[in-house]
Amino acid sequence: MAPRSSKGKSNNKGKGGDKKKRDDKLLAPSLVEITVTTPYETQVILKGVSTDKIIDVRRLLASHVETCHFTNYSLSHKVKGHKLNDNIQVLSLKPCFLRMIPEEYLEESQALTQVRRVIDIVACTTRFFSKSPNKSIVAGNANPTPAPDGLDMVAIHTTPKLSQFYEFFSIHHLSPPILHLKKVDGEEAGEKRDGDYFGLKVKICNGKVIHVIASVKGFFAVGKQLSHCHSIVDLLQNVSNAFAKAYQSLMKAFTDRNKFGNLPFGLRSNTWLVPSPVSESASPLPTEDEHWGGNGGGQGRNGEYDHRPWAAEFSVLATLPCKTEEERVIRDKKAFLLHSQFIDTSVQRAVRAICNVMDTNQQTSGTTDLPAGSILLEDHVGDLSIVVKRDIASLDSKPEATFQNDAFVLSSEELAERNLLKGITADESVIVHDTPALGKVIVRQCGYTAVVNVKGQTQKAMSDFRDILIDDLPDGGANALNLNSLRVEFHRPHSVGTSVENQPTQLDWDDLESYRCIIQELVKINLTKLEETRVSSVRPIRWELGSTWVQHLQKKETDVCGKPATNDETELSVKGLGKQFKDLKSKSKKSENISAVNEKDTRLHELNEEDDLGQKSIDGLFTELKELLSEEAFSRLKETGTGLHLKSKEELTNMAYGYYDEIALPRLVADFGSLELSPVDGRTLTDFMHIRGLQMRSLGHVAKLAEKLPHIQSLCIHEMITRAFKHLLRAVIASVNNMAELPVAVAASLNFMLGRRELEGCDRIPGEEYCLRLQWLQKFLSRKFGWIQKDEFHHLKKFSILRGLCQKVGLELVSRDFDFDSPNPFMSSDIIGLVPVCKHVLCISSDGRTLLESSKLALDKGKLDDAVSYGTKALVKMIAVCGPYHRNTACAYSLLAVVLYHTGDFNQATIYQQKALDINERELGLDHPDTMKSYGDLSVFYYRLQHFELALKYVNRALFLLHFTCGLSHPNTAATYINVAMMEKEVGNDHLALRYLHEALKSNKRLLGADHIQTAASYHAIAVALSFMEAHSLSVQHEQTTLQILTAKLGADDLRTQDAAAWLEYFESRAIEQQEAGRNGIPKPDASIASKGHLRY
């Protein structure tokens, strides 16, 4: 028998941990079976967890094929009574038996919700699959130039296409149960009786049209002698056998797709790609279809919160008690709810203001005479101040900085000092107490920028407020504002895919070439300015830098004054580094040691001065910061024990810059090397840098430090080029006054940036446009990021750049395959619209975030009991503050799922990860990195539950999304290859599994090094695969390499090293058995797969 992993063993030892262990057991989640009696008097058994409430039961019923079509019902319990509140805990229901009670449709909106649900359920048969022929080149051939030195792994399966993006949600092979559904009123609806709301004409699968009336009692068919049915599905099944069979087939397809749930409905257009059928019909997905009562989510869509006393309530928020954990939960919840409502209200107000300005300018053509950057609208709605400016049609400025300085009336130097002081005095209330930042939103769309600030009387108004009264988010935080629903949709001159082979028409071609010339002139002007402009000497500072700096100093002080750091503790922050990162690690450690010595000398010198000068001199040292900081903030800084309270502003700034350059940046790259952080795209890279207070203008420096991390260097280069193109595209959009020309201008810009016009003429010499683009990029990246570009442009993953560019500018494109080998990959009809891009601070549970980090740290150390405890507490906190279905809560579900997986509780892990995936798909985006991670994790959980086909479906979805984000040359893709191999092996594809493992091993050795922990994981995976193929001697060889790496990097006492030793012992015993069998004349199993080239590395 193969050895069992020791990672799941309990780690609490000694008597002192007994009480803690008992307390934590109370918090440990457990499985719960919930039996629900349906209106059909049948029973469905739902798999829940102990943290569930009634609102979660409703979600489970909406994901069950037998009950998913019900919308208007209550739940009853024989002890708790009828109409159970959504907040009742499932564990309090004893016995856990519930009954669904259909309720009358007391409002027309409730009947519309039922119609919308039915349309949504059947949408997967028509809305996510395009029947239009698409003859463009496939995505896999879009970049035919091979990567340098063979950096990419081999794409074993067919390379994904963008046109296939939505096929994961499509069940187009079935006949749609409903072909068309139309709302009718007036004479067409027939005679209206009391209690009737509206009529429907439903064309079902056999072409028959059924006239349905929606009423208070339910739905009934005109001309049929039947009573009211509570749902449309029940009615249509009663009147049509054809519909009943088609609907039954659809439900079977849902079950075959995933019997655990995750049904393909309730989706929103929340990514940069729009389904082709949706773009062709210009109708939204059912969830957001206002015709059927849907919307883009969020609060205040009708202006009901415009006149809320924001200024007074934000001021009160900063004064709420937060000393204890209970007080912080209450405060954080009110802060989150108030800020969420403010963001939704402000964004919608800003978008309306921008649209009003655009409408006015279209009618008067006023923008042509106005100077760039002019204020076009200034409005006040209650406490909200809304200012709209026209963006500057140039590449040499950054409007956000202007707005920021206008808001705080500070110079760049003063702003840097302010942020640094904010960071070094930060505590868990730093966001809530910064009222100016909390009450500000910046919205960019269609070449305009709107800034919303809270400006109102606070002192007088605060006397009327002692607390903040605000309702919880509806639907448990689900259906948050979808920015894509606020798009400005372009009126395209012709339908997608109607021109021959997706090539531009002659009119479109002329417009594209015209704008292409304009773009070239814009680039030439900017190129000249870049050569003349000097780089600013002012270095901005993010407040997070000050916070991480103080934490670093405190940790170092603990190591110096307390227990000396052991080698193991020192290695913890850079664990897993291979030999090629030794210099980087040494540099980071050397910088810290020098800093520690210098600071120790400084402290000793200051102490001597204090002895000589006395208390009076100490007070003098305190004067400068005391004047700048509040008494509480200064006291907090003094109590950190770092000595920073004795420094002047100039000294603090210089020291912060030193920490930034010598410690923060090398440590970031070291964490990338150890895979403690593993960004997959520009968004995750930005998040990782910003949370540590690092500026994106340091990308060039990060790329230099990551010279021996090819995937990180590539990611930095792609992000720098994406940001350069972002400035260019924004400038082009700002230069267009006629909105009807925007699609052509955007398409021409994309063609200039991503099209291929490298060689021209018979001599195949570089074309003028190619040289201009390359020259401008080199100069821009050099000035902006300090990066000297070489030949990277020849090897770019253009789909990754396109994706990042669309996210940063707010572009929506048709989901078709773009031919990047052509000069004009894009047509004006490919540009669907522009969505708002927003900037604002994030306000979530500070304690919840801390507990999540504690859970991650405990998991890394193998302390699973602690990890479960922290993870469960974090989830409880996040649910209490944000609600169970808010996007912020999804990360808590996901982490707890991973922790439970490592304890061996695969069933619970699956349930929690499925919750996370459902939220991520609908709230974050269909290709968001968190969504992608949920697909990958869920596939592993399904694999451990022995649902191998289902696991392959989800892991292939993760691999599909990885292809368009980081590509094949990335450790995450290599890890996914290992997972695919495990699953392919289980369905009998041993040879294919070894190919995946071989490619993963080559990738890890190339990207991370031959002695990296992740490389060891590849060796171990191959050893296991070979063992299943009876090639035990080869398994021993690979596991010996695994053990050597882990012993060198982690030590002999680490659980992973001990596991490897146990595996090696097992493989050796099997090899001995096999050799003895061979000597006894038993035929040796064929292991030819292992000797035919697949394992050469």
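**Side-chain contacts in the predicted model**

At 9% relative accessibility, phenylalanine 960 counts as buried (buried is under 20% relative accessible area, exposed over 50%, partly exposed in between, with a 1.4 Å probe and protein chains only). The model is predicted, so local features need pLDDT of at least 70 and side-chain atom pairs count only at pLDDT 80 or more, while totals for chains, interfaces and linings use all residues. Residues are numbered from 1 along each chain as its sequence is written, and side-chain values use heavy atoms, with hydrogens and water left out.

Aromatic contacts come next. The structure holds 32 aromatic pairs. Rings of Phe, Tyr and Trp (its six-membered ring) pair if their centres lie within 6.5 Å; planes under 30 degrees apart count as stacked, over 60 as edge-to-face and the rest as tilted. One of the pairs joins phenylalanine 165 and phenylalanine 960. Their ring centres are 6.3 Å apart and their planes meet at 55 degrees, so the pair is tilted. This pair links distant parts of the chain, 795 residues apart. Phenylalanine 165 lies in the loop between helix H3 (108–122) and strand E5 (178–184). Phenylalanine 960 belongs to helix H32 (residues 948–965). Helices (H or I, at least four residues) and strands (E, at least two) are DSSP runs, numbered from the N terminus. Phenylalanine 165 is buried, at 2% relative accessibility.

Helix H32 also contributes phenylalanine 964. The ring of phenylalanine 964 pairs with that of phenylalanine 799, with centres 5.6 Å apart and planes at 70 degrees, so the arrangement is edge-to-face. Phenylalanine 799 lies in helix H26 (residues 798–809), so the contact ties together parts that are 165 residues apart in sequence. Phenylalanine 799 is buried at a relative accessible area of 5%. Phenylalanine 964 is buried as well, at 4%.

Helix H26 also carries arginine 803. The side chain of arginine 803 meets that of aspartate 927 in a salt bridge (2.9 Å, N to O). A salt bridge is a side-chain nitrogen of Lys or Arg within 4 Å of a carboxyl oxygen of Asp or Glu. Aspartate 927 sits in the loop between helix H30 (906–924) and helix H31 (929–944), 124 residues from arginine 803. Arginine 803 is buried, with a relative accessible area of 3%. Aspartate 927 is buried too, at 6%. Salt bridges with shared partners also join Asp52, Asp56 and Lys915 into one network.

In total, the structure holds 45 salt bridges. Among them is the pair of arginine 308 and glutamate 313, whose closest N and O atoms are 2.5 Å apart. Arginine 308 is buried at 13% relative accessible area. Glutamate 313 is buried at 4%. Another salt bridge joins arginine 636 and glutamate 632 (3.7 Å, N to O). These two residues are 4 residues apart in helix H19 (residues 631–639), so about one helical turn separates them. Arginine 636 is partly exposed, at 24%. Glutamate 632 is exposed, at 52%.

Arginine 539 lies over the face of tyrosine 657, 4.4 Å from the ring centre. The charged end of arginine 539 also sits over the ring of tyrosine 660, 5.4 Å from its centre. Here, a charge sits over a ring if NZ of Lys or CZ of Arg is within 6 Å of the ring centre and within 35 degrees of the ring normal.

The structure holds 0 disulfides (a disulfide is a pair of cysteine sulfur atoms within 2.5 Å). The sulfur of cysteine 355 is 7.1 Å from the closest cysteine sulfur, that of cysteine 446, and is therefore too far for a bond. Cysteine 355 is partly exposed, at 24% relative accessibility.
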